[in-house]
Structures are given as C-alpha cells and as structure tokens.
Amino acid sequence: MRDIFSTPSDEASLYGRDDNVELLKAWAGTSLAFGIFIVHGQVLQPIFVYWLIIAALTCGIGFLLHELAHRVVARNFGAEAHFVANNGWLAISIVIAFLSVFIAAPGAVWHRGYLTVRQSGLIALAGPVTNLVLAVGFLILGENVSAQSEIFGINMQDLCRVGYRINAWLGLFNMIPAGPFDGAKVLAWDWRVFAVTVAVALLLVFGL
C-alpha cells in the first residue's frame, strides 16, 4: 500500500535512501507494533519477547514480502522502483499499539516509468496475492504440525495461527478499492481479477 498522506520527492524516494535499510527499518517497526498489539501493551512481561519473535516472522515477513513483490514486478516491467519507509506512520503504529489498535502503514514502493493500466494493476496485485499465498502456506503448515511442535522455543501452532490470520487480513485490507490501496489499481485494470482476489481473501478471513 502507498503512503496515505504524501508522495515523496524523486530525491527521497528514488535516489536518497538505501532500499535495504528502509525495508529493514519498516520490518522492525511493523514487527514491534504488532508484537505490542498481541500482548496488549504488556511489554514488560517475559512473554513479550516470545510474541515479538512471532510477530517478526508473521506480520513482519508478510509486510516485507508484500513490498518486495511490488518492487520485483515493477522492475520486471522496466520501471524504476524503490521502497521508502514512512517514519511518521511507523512511530504512530508503535504508539497506538499500546491502545490495542494495530495499523500497518510503514511505507511503500514508489515507481516511475511508462506503465500500462494492466502493468500497474499487476504491480498492485502482487502485494495482496503474496499475503494470501503466505496465509495459505501457514494454514497448510498448521494442519500438518502437532500442537507440541517447537522450533527454537517457538510453538509452531502459535506461529501458524498468527501467520495465517494476519496475512489473510493484510491481503484483504490492501484490496480496498479506493484511495492509496492496491485494490483501486487492480479494479481499474480488471474487475474480474479484483472480484476473484477479494473472494479468496474473504474466504480466508471469514470462511476458514
């Protein structure tokens, strides 16, 4: 999803920052916010570290792959594409997580170059589809591991349950057909692709 309030300048978005640093910063901030949200702000409890790791491996990774999918597809079409973290929204998301509210708007992939409506739609679609594929992956994994399965102290059922839910929601949320959301560009390209993607997302969020 693109930044809600402003478009960065060419210098800031395409030349002034290191993509890897920006992605790492957004991954860390989003993971922290989601970890705080999971424990309802009880960050001084020992269990917070456990859920923070799960947050980083589910929501954090889901966000990271979402944005990388946008960038990969955009560059595949010959566009210049770079990720820019939104420091303001990262700070806001961390603060409001203490109020048991989670909002993930850590930044966006900005691209420039000639693109058709179809290409723009495919670039937008890549992010939500990545989250939906991750949700299905976590769902399948969760069905095939025991309740006692652990890796490095992380219960796999906890990991899969959270990974499934947050990625299904991220996929659906980003398909909102308005404003800066990916769904708006997908709908502008092909309403059938939009409808199928939303239907799959709704099934994953509410039907399973």
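**Close-up 1. C59 in the predicted model is a buried cysteine.** The relative accessible area of C59 is 0%, so this residue counts as buried. C59 belongs to helix α3 and is one of the residues through which α3 meets helix α6. The closest cysteine sulfur to that of C59 belongs to C160 and lies 16 Å away, which is too far for a bond. The model itself is a prediction, not an experimental structure.

**Close-up 2. C160 is buried and in no disulfide.** With a relative accessible area of 3%, C160 falls below the 20% limit and is therefore buried. The sulfur nearest to that of C160 is in C59, at 16 Å, and C160 takes part in no disulfide. A disulfide would need two cysteine sulfur atoms within 2.5 Å; by this rule the model has 0 disulfides.

**Close-up 3. Helices α3 and α6 pack against each other.** Helix α3 spans residues 47-76 and helix α6 spans residues 156-173. Their axes are 9 Å apart and form an angle of about 40°. The crossing of the two helices is right-handed. On the α3 side the contact is made by Y50, W51, I54, L57, T58, C59 and G62. On the α6 side the residues are D158, L159, R161, V162, G163, I166 and N167. Sorted by type, the residues of this contact comprise 8 nonpolar, 4 polar and 2 charged.

**Close-up 4. Helices α5 and α7 cross with a left-handed sense.** The axis of α5 comes within 8 Å of that of helix α7 (residues 182-189), and the two cross at roughly 140°. The crossing is left-handed. From α5, the residues V117, R118, S120, G121, L122, A124, L125 and P128 take part. They meet D182, K185, V186, A188 and W189 of α7. The residues of this contact divide into 8 nonpolar, 2 polar and 3 charged.

**Close-up 5. S120 is a buried serine in helix α5.** Helix α5 runs over residues 117-143 and includes S120. The relative accessibility of S120 is 18%, so S120 counts as buried, the limit being under 20%. Apart from neighbours within four places in sequence, S120 is in contact with L115 and K185. K185 is among the α7 residues that α5 meets.

Definitions and conventions. Residues numbered from 1 in each chain as written. Predicted model: local features only at pLDDT ≥ 70, side-chain atom pairs only at ≥ 80, totals over all residues. Heavy atoms only, no water. Helix = DSSP H or I, 4+ residues; strand = E, 2+ residues; numbered from the N terminus. Buried < 20%, exposed > 50% of the residue type's maximum accessible area, 1.4 Å probe, protein only. Contact = heavy atoms within 4.5 Å. Axes fitted to C-alpha atoms, helices over the stretch in contact; angles between N-to-C directions. Left-handed = near helix turned anticlockwise from the far one by under 90°. Nonpolar A, V, L, I, M, F, W, Y, C, P; charged D, E, K, R; others polar.
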